Amino acid sequence: KMTQQMRDLQLAQARKPPGPSSPNAAKRLYRNLSGKFRVNYTSFDEGSLVGRGEKEKLRKSYLFQSNAALFEAVELQDLDRVQEMLKHYSPEELDLNTPNSEGLLPLDIAIMTNNAPIARALLQAGAKESPHFVSLESRSLHLSTLVREAEQRVNELMAQVVNEAPNADCSEKEKQLKAWEWRFRLYKRMKAGFEHARVPDAPSSVHLSVASSSSLQVTFWEPLSVNSAVVTKYKVEWSCSPTFSPLLGEAVIDRLKDLYFTIQGLVPGTAYHIRVSAYNMKGWGPPQASTPPFAIPSNWREYDGRAPRRRGQAEALDHLLGQVKTVHQHCICHEPCKNQPQSRKHSVSKSLKHLFHPGSKFLKTLKRGLYLTAIFYKDDNILVTHEDQIPVVEIDDTYSCLLMQDFLWLTKVSCMWDEILWLRQCVTVSQSSCSCILQTRFKMLLAISQMQGLLGIQDLGQVFFEPIKDKQGNILIVTLKEVKTNQTFESVRWVPICKLQSSRKSVSSPEEPTALDTLLTSVQDKLAYHQRSSHALSAGLYLGYLKLCSAVDQIRVLVPEQLPNILCHVKIRSNPNISREEWEWLQKMASVEEPVPTEPEADRSQNPLFQELQVAIKELMTLVNIPLQEAKDFRLYSQEVLDFGDQVSFLLLLPPSDDVCTAPGQNNPYTPRSGFLTLPLQIFELGEER
């Protein structure tokens, strides 16, 4: 049967040219890959090619060379070269799972020569074992055949070399003899590796956790033994019985980049037992039961039947906005302005004409007032006007102080840049009340429209969390947006940031810089803030620290500079779900007003969440520079788990109630280390939503 399989395989591979068969050939291919081959492949002059057919033919030729070179690198146990090729080429380009003319795959060679590092690198790239080895007997027979045929070929070539007189043909025969002797030794080493191997031990550890109300997550680790062959796959089995009879399901994991598996579609409230076993070329090893021995799919919300906080909120807000728009469709702003005073009609008409007048342009200098600037950046480049100025438009030249409420209102407007025209029309109607606040906000909307019109783009990005002020009475509101495509804009062009900074001539003194000079010198910091504020946390459960400080007109929240859209935090574990049992324990701890667990206790040592919280609290207290003994007066927020999507959740650690928010003039004895900042609460909320 094995002989017939090999014949079929050889017929299937007949069109594939034979690969190099000696170490020298492999070295030549390596030189091609590291030098001429790689450069030529990435720098084709398409004009020199006759057509697509020739180009594709040349591409396939190079890809074949990379496939042959991978086999040679594995056979020569060259780990560095294997890793380099796996990094630069996809599994498809390498034909990673296509057998060679001997019916072997790169992974087969690695595991039968017991080269664990190369085997693991191949497994993480998606390599598989040859499907032709359907049993131990078939693998043994195939290896014996390879050894026997290689030995016969060596004997034939040796006889020819001995009997023939020295000539060019004899020299070629000697090269072939050396190549086959090398291959003969390789096959014998593979055969010995297979014969001395044994089935793997059980996984060293299997951890079971509750992933949701209908799923469990199984995390496992490799067997500790190094004497058996390389493990190439794992099997996860589950049952409602500790004897695993009957077996409810199993899954085979052969992608070994991450050793975990999530069992989906389980019945909530039902206990499941889990075990995991490992496999190598000698077969399946004994199973390892999980710790804990069973788990029940559940979620903390089942404790009191609470619905998700944000369920339906986005839809409700969209519906509410639609209702507001419907009402305003019949308001005066969509009718002739006959009911407005003549002076207001003239003023509004003049303002609207100003937006489309050829004289509307960006400002070069500031003259004591309130201004809006938009920073668009891509890599190390920034958009500037044709005069090499950052785009700036005027909001109000008589506005010498910016009220925090107006600024926070503008940050909310930034969530609906596309609705500026509609908002401006609605605010226009309300101006008859002569409210100074509405007057200022209307001018803000006019400035936004002007900036959008001059740039030819609606989305101006995110508002920086604080405006720039100077001693000349200028206030500069900054918006930031990263451009990830080759987008074209009107009236502006791209220049390197360093070039803009070096070429701009300051018109102020270092002691009293203007707002524009301050912006230019701090632009990298603002871009870094903008990029970091869009970063997302990896999946997991986190412990967050809530610390506020109040001022006359705002409340600010402490956040890390590296992730300003998230509270100060540390990661508790990779599983974001809090099970019902864990939540019941947290509620019990809160009901008896126990202190935050900072020291181990014997009766809690078996509670994984308790141990995880201990480690997380110590790490968090060190992060924010609070002595650990002070944490005994802290408490966990027990009303809910804060869910941010399906993959990130937070438990909150709160200081004593009197210290949650520091009042104006009150000293904070525990100042966080460097790397933190305080954001206005409304800015933080908008950043978290983004």
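This note sets out numbered points on the predicted model shown above.

1. Basis of the model. The structure is a predicted model, in which local features need pLDDT of at least 70 and side-chain atom pairs count only at pLDDT 80 or more, while totals for chains, interfaces and linings use all residues. Residues are numbered from 1 along each chain as its sequence is written, and side-chain values use heavy atoms, with hydrogens and water left out.

2. Overall composition. The chain holds 21 helices and 24 strands; these are DSSP runs numbered from the N terminus, helices being H or I of at least four residues and strands E of at least two. Of its 690 residues, 45% are buried, where buried means under 20% relative accessible area, exposed over 50% and partly exposed in between (1.4 Å probe, protein chains only). Among contacts with a separation of 6 or more, 73% come from residues 24 or more positions apart; a contact means heavy atoms within 4.5 Å. The chain exposes about 36400 Å², of which carbon and sulfur atoms supply 52%; the areas come from the Shrake-Rupley method with a 1.4 Å probe, and for residues only the protein chains shown count as cover.

3. Salt bridge between glutamate 222 and arginine 120. The whole structure contains 19 salt bridges, each defined as a side-chain nitrogen of Lys or Arg within 4 Å of a carboxyl oxygen of Asp or Glu. In one of them, the side chains of glutamate 222 and arginine 120 meet at 3.2 Å, N to O. Glutamate 222 lies in the loop between strand 2 (215-221) and strand 3 (233-239) and arginine 120 lies in helix 8 (residues 116-124), so this bridge ties together parts 102 residues apart in sequence. Glutamate 222 is partly exposed at 35% relative accessible area, and arginine 120 is also partly exposed, at 37%.

4. Salt bridge between arginine 301 and aspartate 643. The closest N and O atoms of this pair are 2.8 Å apart. Because arginine 301 belongs to the loop between strand 8 (288-295) and helix 11 (313-328) and aspartate 643 to strand 21 (residues 642-644), the pair joins parts 342 residues apart in sequence. Arginine 301 is buried, with a relative accessible area of 14%, whereas aspartate 643 is partly exposed, with 28%.

5. The network around arginine 573. Salt bridges link Arg573, Glu582 and Glu612 in a network. Within this group, the side chains of glutamate 612 and arginine 573 meet at 3.2 Å, N to O. Glutamate 612 is in helix 20 (residues 608-623) and arginine 573 in strand 19 (residues 568-573), so the two tie together parts 39 residues apart in sequence. Arginine 573 is buried, with a relative accessible area of 13%.

6. Aromatic pairs. There are 10 aromatic pairs, counted where ring centres of Phe, Tyr and Trp (its six-membered ring) lie within 6.5 Å; planes under 30 degrees apart are stacked, over 60 edge-to-face and the rest tilted. The rings of tyrosine 279 and tryptophan 284 have centres 5.0 Å apart and planes at 55°, so this pair is tilted. Tyrosine 279 is buried at 17% relative accessible area, and tryptophan 284 is partly exposed at 32%. Tryptophan 300 and tryptophan 583 form a tilted pair, 5.1 Å centre to centre with 55° between the planes. This pair links distant parts of the chain, since tryptophan 300 is in the loop between strand 8 and helix 11 and tryptophan 583 is in helix 19 (residues 580-591), 283 residues apart. Tryptophan 300 is buried at 2% relative accessible area, as is tryptophan 583 at 1%. Ring pairs also link Phe464, Phe465 and Tyr529 into a cluster.7. Charges over rings. Lysine 233 lies over the face of tyrosine 279, at 4.5 Å from the ring centre, and arginine 275 lies over the face of phenylalanine 244, at 4.3 Å. A charge sits over a ring if NZ of Lys or CZ of Arg is within 6 Å of the ring centre and within 35 degrees of the ring normal.

8. Arginine 441. This residue lies in helix 15 (residues 436-455) and is buried, at 17% relative accessibility. Leaving aside neighbours within four places in sequence, arginine 441 is in contact with Gln405, Asp406 and Trp409.

9. A nonpolar surface patch. Leu317, Leu320, Leu321 and Val324 make a nonpolar surface patch of about 320 Å². Patches are made of residues with over 30% relative accessible area and no salt bridge, with like charges joined within 9 Å and nonpolar side chains (Val, Leu, Ile, Met, Phe, Trp, Tyr) within 5 Å. Leucine 320 is in helix 11 and is partly exposed, at 47% relative accessibility.
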